[in-house]
Amino acid sequence: MDSKKLYVVGIGPGSEEDMTIRARNILKKSDVICGYTVYCDLVRPLFPDKEYISTPMMGEEKRVLLALKSADEKRTVSLICSGDAGVYGMSGLVLELGKDFPEVDIKVIPGVTAALSGAALLGAPLIHDFCLISLSDRLTKMELIEKRLRAAASADMVIVIYNPESRARKGYLSHACDILMEIIPKDRVCGIARNIGRSDEESMVTTLEKLKETKADMFSTVFIGNSSTKNTGDMMITMRGYKSEL
């Protein structure tokens, strides 16, 4: 590969099987792999001979600058993100900070975001219009998150919730369910997928009322069905409107 390359790579949900061929080929040809510590640990067994640069959670800007500086030293670097690098990922920050490194060639490599891999576990919840909303208020004010939840519920969209809770953010999913139940009936079909693509992967179909009491963390992805979503054999299926479905 040419020198001074920085690839922002979505590695999918975490398993080798769910990583795209393009992403794997880029990582294989890279000199350096940079990322959040947990993500580096996921790919290290696949590429044990690479140089790794890792930073803990909330070290995003430092991580990006380290990757850019490393690429600027005439090396090929992959900055990895879980899921897709452009969906709550690092590609935007890389492109913004990359303006100060004009000789570094930056390319974004797409991956499989948790909305897609989680949906496959739960059945077919995303057959119709849907939206993604993160409950993390580290970079977005809670008032805006609440506004978006109400707007999506009013629009009868399937809602996928990222970052429902963390050690420092307890009760956020319960609060979101309360907001949604202002508009959506409490028996609305919902689902949750945890640790997608990993050894302790699990999923569950439930209702909005029961979801309020369900434990979640940063490795959980939550699905709120729309008015046509059904629970069929413990699978979420959102109706598209075909004649056979009527």
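**Figure 1. Close-up of the salt bridge between D178 and K212.** At 37% relative accessibility, D178 counts as partly exposed, a class that lies between buried (under 20% relative accessible area) and exposed (over 50%), as judged with a 1.4 Å probe and with protein chains only. The structure is a predicted model, in which local features need pLDDT of at least 70 and side-chain atom pairs count only at pLDDT 80 or more, while totals for chains, interfaces and linings use all residues. Residues are numbered from 1 along each chain as its sequence is written, and side-chain values use heavy atoms, with hydrogens and water left out. The side chains of D178 and K212 meet in a salt bridge with an N to O distance of 3.0 Å, where a salt bridge is a side-chain nitrogen of Lys or Arg within 4 Å of a carboxyl oxygen of Asp or Glu. The pair links distant parts of the chain, 34 residues apart, with D178 in helix α7 (residues 172–180) and K212 in the loop between α8 (208–211) and β11. Helices (H or I, at least four residues) and strands (E, at least two) are DSSP runs numbered from the N terminus. K212, with a relative accessible area of 22%, is partly exposed as well.

**Figure 2. Close-up of the salt bridges of K4 with E103 and of K5 with D105.** Side chains of opposite charge can pair when their charged atoms come close. In the salt bridge between K4 and E103, the closest N and O atoms are 2.4 Å apart. This pair joins distant parts of the chain, 99 residues apart, since K4 lies in the segment before β1 (5–10) and E103 in the loop between α4 (91–97) and β5 (105–109). K4 is buried, with a relative accessible area of 14%, whereas E103 is exposed at 56%. K4 and E103 also belong, together with D72, to a network of salt bridges. For K5 and D105, the closest N and O atoms of the salt bridge are 2.6 Å apart. K5 lies in strand β1 and D105 in strand β5, so this pair ties together parts that are 100 residues apart in sequence. K5 counts as buried at 12% relative accessibility, while D105 is partly exposed at 29%. The count of salt bridges comes to 14.

**Figure 3. Close-up of the largest pocket and its lining.** The largest pocket holds about 1600 Å³ of space. It is lined by 49 residues, of which Y39, M57, Y88, N163 and M218 lie nearest its centre. By class, this lining has 23 nonpolar, 13 polar and 13 charged residues. Helices α3 and α6 (142–154), along with β4 (76–81), β7 (130–134) and β11 (220–224), each supply at least two residues of the lining.

**Figure 4. Close-up of the nonpolar surface patch made by M57, M58, M218 and F219.** This patch covers about 370 Å². M58 lies in the loop between β3 (51–55) and α3 (60–72), and this residue is exposed, with a relative accessible area of 58%.

Figure 5. A151 counts as partly exposed, at 46% relative accessibility. A151 and T207 are 56 residues apart in sequence, and their C-alpha atoms are 20 Å apart in space.

Notes:
Patches are made of residues with over 30% relative accessible area and no salt bridge: like charges are joined within 9 Å, nonpolar side chains (Val, Leu, Ile, Met, Phe, Trp, Tyr) within 5 Å. Accessible areas come from the Shrake-Rupley method with a 1.4 Å probe; for residues, only the protein chains shown count as cover. On a 1 Å grid over the protein atoms alone, a cavity is a set of points where a 1.4 Å probe fits but cannot get out, and a pocket is an open set with protein on both sides within 12 Å along at least five of seven lines; lining residues have an atom within 4 Å of a point. Grid points are joined across faces, edges and corners, and a volume is the space filled by probe spheres set on the points. Ala, Val, Leu, Ile, Met, Phe, Trp, Tyr, Cys and Pro count as nonpolar, Asp, Glu, Lys and Arg as charged, and the others, Gly among them, as polar.
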